[in-house]
Amino acid sequence: MHQDLIKHFREKGFVTIPSVLEDLEVEFYRELLKDAIKERKQLDNRQLSEKSLYEQSFIQCQNLWEDFKDIRELTFDQRIAGIAAKLLGVDRLRIWHDQALIKESGGRETDTHHDASYWPIKETNTITAWIPMVSISERNGHMGFFSGTHKVKEKRFINIFKGKVGQEELDKLPQLKGLRPEYVDLKPGDISFHHGLTFHNAKPNLSSEDRPVYTIIYFADGSTRGSDQFHFSVDRASIGVGEVIKSDVTPLAFPIEKPPNRPKEPISDEFIFPKSLGLLPKN
Ligand SMILES: O=C(O)CCC(=O)C(=O)O
């Protein structure tokens with residue numbers, strides 16, 4: 001990978017790496033993703049307008065790697081994970097979770113936020129690979145990044161789950177002052193990477209087609225649990241505050257010879273709600 005791309009990521013907190021996947025791979029994964037979402041969401045017959053405002057931003061299905069073996073190949077693809085490791089400047093990465101984010105045709109914007117505040121990881125060496133299965137431009141939900149905001153090593157929780165985030169709330173964040181998001185067009189095969197502290201949003205999907213995107217979130221191996229904030233990636237494995245986050249729910253993602261097996265323990269009924277929504281695997 002060219003040094004300029006690494007420099008771009010370190011300075012701005014996001015970067016596009018062009019042509020990581022071949023056209024045929026993108027086509028293959030696009031179909032797999034479509035089938036996986038159909039299966040996960042088979043009980044959800046709601047129209048877009050019947051969903052919560054958060055759900056109108058995207059259909060979300062997490063940890064597809066566990067129950068769809070072919071998608072697991074993508075989640076643990078060493079080209080993608082290797083790029084993520086280089087950008088973060090670490091030797092070993094674990095997976096936090098994967099997720100499909102399908103912005104439906106007519107779907108609303110994704111409100112401005114940064115991801116790290118949703119995760120109880122003490123250290124901030126986290127990165128997301130955002131992998132579109134179609135071309136992305138301003139009409140179908142392209143992402144906008146607030147350049148350099150990852151340099152403020154402080155998590156600010158923005159509650160995007162409750163609905164539209166007001167401008168007044170964003171105006172209180174000093175790191176966003178005077179900044180406008182930089183929107184990024186992508187071709188199939190390109191992958192956008194963003195740091196867990198980089199503020200970002202996405203535009204509504206004004207096109208007539210859904211926007212299929214698959215994302216993989218990685219964190220530096222050796223990171224520890226920073227708080228008791230609930231998250232399935234640590235709570236499923238009973239990782240306590242202060243402990244190293246290390247279990248078969250968040251296996252090593254780089255460097256590895258082959259994808260891991262799915263976690264040994266099925267997901268307990270403590271997670272019945274996200275399981276029934278198709279957000280998490282059923283078993
Ligand atoms: O896909 C989107 O609309 C938003 C994605 C996002 O917020 C993320 O991947 O962190």
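User: In this predicted model, which residues of helix H5 are buried, and what makes a residue buried?

Analyst: Helix H5 spans residues 78-88, and its buried residues are Ile 80, Ala 81, Ile 83, Ala 84, Ala 85, Leu 87 and Leu 88. A residue is called buried if 20 or more other C-beta atoms lie within 10 Å of its own, so each of these residues meets that cut-off. Gly 89, with a positive phi near 80°, follows the helix.

User: Which residues have the most contacts inside the largest nonpolar core?

Analyst: They are Ala 81, Ala 84, Leu 93, Phe 193 and Tyr 218, in a core of 63 residues. Ala 81 and Ala 84 belong to the buried set of H5.

User: What does Tyr 218 touch, leaving aside residues up to four places away in sequence?

Analyst: Tyr 218 touches Ala 81, Ala 84, Leu 93, Arg 94, Ile 95, Trp 96, Thr 126, Ile 127 and Ala 253. Contact requires C-beta atoms within 7 Å, and therefore each of these residues has its C-beta atom within 7 Å of that of Tyr 218.

User: Why is strand E3 described as mostly covered?

Analyst: Strand E3 covers residues 93-102, and nine of its ten residues are buried.

User: How do you know that E3 pairs with E2, E10 and E11?

Analyst: Pairing requires at least two bridges. E3 has four bridges with strand E2 (residues 59-62), seven with E10 and two with strand E11 (residues 252-254). Gln 62 stands opposite Gln 99, Ala 100 has Tyr 214 as its bridge partner in E10, and Arg 94 stands opposite Leu 252 in E11.

User: Why do E4 and E7 stand at the edges of their sheet?

Analyst: The open, antiparallel sheet has the order E4-E9-E6-E7. Strand E4 (110-113) and strand E7 (182-183) each have a single partner strand, so one side of each is without a neighbour in the sheet. Within this sheet, three bridges join strand E6 (residues 143-145) to E9, and Met 143 stands opposite Ala 202 in E9.

User: Which strands each supply at least two residues of the shell around the ligand, and how do its residues divide?

Analyst: The strands are E5 (126-132), E9 (200-202) and E10 (213-220). The shell comprises five nonpolar, five polar and two charged residues. Among the residues around the ligand are Thr 128, Trp 130, His 200, Ala 202, Val 213 and Thr 215. Lys and Asp count as charged, so Lys 103 and Asp 115 are the two charged residues.

Definitions and conventions:
Residues are numbered from 1 along each chain as its sequence is written. This is a predicted model: local features need pLDDT of at least 70, side-chain atom pairs count only at pLDDT 80 or more; totals for chains, interfaces and linings use all residues. A nonpolar core is a set of buried Ala, Val, Leu, Ile, Met, Phe, Trp, Tyr and Cys residues joined through C-beta atoms within 7 Å. A residue is buried if 20 or more other C-beta atoms lie within 10 Å of its own, exposed if 12 or fewer, and partly exposed in between; C-beta atoms are placed from the backbone. Two residues are in contact if their C-beta atoms, placed from the backbone, lie within 7 Å. A residue is near a molecule or strand if its C-beta atom, placed from the backbone, lies within 6 Å of it.
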